[in-house]
Amino acid sequence: MSTPPIVLGAVAYDPKVVTIWDGFLAWLGRRGLAFDYVLYSNYEHQVEAHLRGEVDVAWNSPLAWIETCRVARARGRRAEAIAMRDTDQDLTSVVLVRADAGPGLASLADLRGKRVAVGAADSPQATLIPLEVLAAAGVAPHRDCEVIRHDLLLGKHGDHIGGEREAVRALLAGAVDAACVIDGNHAAFTREGTIPPGAVRVLAQTPAYDHCNLTVLDGGRDPAALARLRELLLGMRYDDPEVRPLLDLEGLTRWEPGRTSGYALLERAVDRLGTLGPWLARQGVA
């Protein structure tokens, strides 16, 4: 009887996800690891499937990581981040204003009474973390400033750039006073021409945080196979011509050991904003 494959769950936020995981499946198989994957339309379904044991490892957004940890802990279980991309570490978001906004917009405190554009409601990088930083600066979202959300593809936790692009377009059109985006998308929007040269300036930058990770739960079906998966991923090299196209598609140059210290800012955000309350209640977690 053949060994059951390690099954990974991932969210289909873009058609390239199929190409990426098909490539990993073939690469891992050639190294003797039975592997398969299942795609989900949103992270909440993926987290619930992982907790039910339908997948062995989940490619989680930072918000999905927190969801998994909180439900697992409430059920007496433990989640572990076994790997993450090098590009998932030490990220920042920025609050942009128009370059012609004038000296009246010099700090986050000056956004009191203003309109602030963000990404989707469940986007860590373009909504939750920037709003936490704004609140920590004394400007309470929804009370001291108006928050204008761009709820594209809810359930995918901002793993797309549509909501952030719309937030920037609203800023450029003068419909809002500030827009929140991840720093990498600020650069990308400038390169592609969505942001004309000199049109915006950075009002504030968030502290660093981490993004996605590969999550496993204790009591998994095959700990030895999961350890082998981690070993193989960490052993990938960008200068390997067989591997490089897959890493380029997935947006990394190397896999790093998983760490969880970079999620504290998002933890504070979801607690302050009450983001997870309704979903946690449906899982039986107070």
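Residues count as being in contact when heavy atoms lie within 4.5 Å of each other. The views below show a predicted model.

**View 1. Buried residues of helix 9 and the helices that cover them.** Helix 9 spans residues 264–273, and Leu265, Leu266, Ala269 and Val270 are buried in this helix. These residues lie on the same side of helix 9 because they cover an arc of only 130 degrees around the axis. Their cover includes helix 3, formed by residues 62–74, and helix 4, formed by residues 124–136.

**View 2. The residue that follows helix 9.**

View 3. When neighbours within four places in sequence are left aside, Val71 is in contact with Leu51, Trp279, Leu280, Gln283 and Val285. Between Val71 and Val47 there are 9.4 Å in space, taken from C-alpha to C-alpha, and the two are 24 residues apart in sequence.

**View 4. Pairing of strand 1 with strand 2.** Strand 1 comprises residues 6–11 and strand 2 comprises residues 35–40; the two pair in the parallel sense over six bridges. Within this pairing, Gly9 stands opposite Val38 of strand 2.

**View 5. The β-α-β unit containing helix 1.** Strand 1, helix 1 and strand 2 together make a right-handed β-α-β unit, in which residues 16–29 form the helix.

Technical notes: Residues numbered from 1 in each chain as written. Predicted model: local features only at pLDDT ≥ 70, side-chain atom pairs only at ≥ 80, totals over all residues. Heavy atoms only, no water. Buried < 20%, exposed > 50% of the residue type's maximum accessible area, 1.4 Å probe, protein only. Helix = DSSP H or I, 4+ residues; strand = E, 2+ residues; numbered from the N terminus. Arc of directions from axis to C-beta. Pairing = 2+ DSSP bridges. Right-handed = clockwise from strand over helix to strand, strands pointing away.
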